[in-house]
Amino acid sequence: TVMWDVLTTTSNSSGDGGSPIDGYLVEWWTAATVPEIQEVRMTWEETPKNDTATSFKLQFGPTTVDTETTGKMEYNVPAYNLRNQLVNLANNPRMESDFVIGDVAVTRKSIFNNMGYAWSITFNDDGSLDSGEVLNAGNQVPLLASFVSQDASSDAVLDVVEVQSGV
């Protein structure tokens, strides 16, 4: 919390018509960022038969065309494994950095009465790391999710939503 006390003295000036001052406008700028949060959601009416029967991958890059792709992930992939896949998207020669994604936090929760999962991905990269490098501050291109394999009897649905736009 910023608190200021400002002491001012005023006198009528011939340049302002002598009108009394009835307020002040104080403006300042900050480099504070708001992290982007995207959520990958997979839902189903009938639980997939096994871990590999319904698997997916994610794509991410600076544009929706210039992307890198994760490896295959099962429908019940733990949050730490999904995070590992994302932060290790690497070495895109068209980018200045060795990596595509900086620091992210990933959580997983069960949704729709255990008939799906939602992985929340928070892009924490704000330049505060030791290197000072910023890969993903501000608004991000959406993750792209697609099925790698899906059992013919599976009714799973996969999508990505933006929960909070980055600034």
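Let's start with the lining of the largest cavity: by class, one nonpolar, three polar and four charged residues. Here Ala, Val, Leu, Ile, Met, Phe, Trp, Tyr, Cys and Pro count as nonpolar, Asp, Glu, Lys and Arg as charged, and the others, Gly among them, as polar.

A word on the basis. This is a predicted model, where local features need pLDDT of at least 70, side-chain atom pairs count only at pLDDT 80 or more, and totals for chains, interfaces and linings use all residues. Residues are numbered from 1 along each chain as its sequence is written, and side-chain values use heavy atoms, without hydrogens and water.

Back to the cavity. The lining residues are Glu46, Thr47, Pro48, Lys49, Asp151, Ser153, Ser154 and Asp155. They have an atom within 4 Å of a cavity point, on a 1 Å grid over the protein atoms alone, where a 1.4 Å probe fits but cannot get out. The volume is about 50 Å³, taken as the space filled by probe spheres set on the points, which are joined across faces, edges and corners. A search of the whole structure finds one cavity of 30 Å³ or more.

Next, alanine 152. It sits in the loop between β7 (144-150) and β8 (157-164); strands are DSSP runs of E, at least two residues, numbered from the N terminus. Buried or exposed? Alanine 152 is exposed, at 85% relative accessible area (exposed means over 50%, buried under 20%, partly exposed in between; 1.4 Å probe, protein chains only).

Last, valine 26. This residue is in the segment before β1 (37-43). Valine 26 is partly exposed, at 47%.

Definitions and conventions: On a 1 Å grid over the protein atoms alone, a cavity is a set of points where a 1.4 Å probe fits but cannot get out, and a pocket is an open set with protein on both sides within 12 Å along at least five of seven lines; lining residues have an atom within 4 Å of a point. Helices (H or I, at least four residues) and strands (E, at least two) are DSSP runs, numbered from the N terminus.
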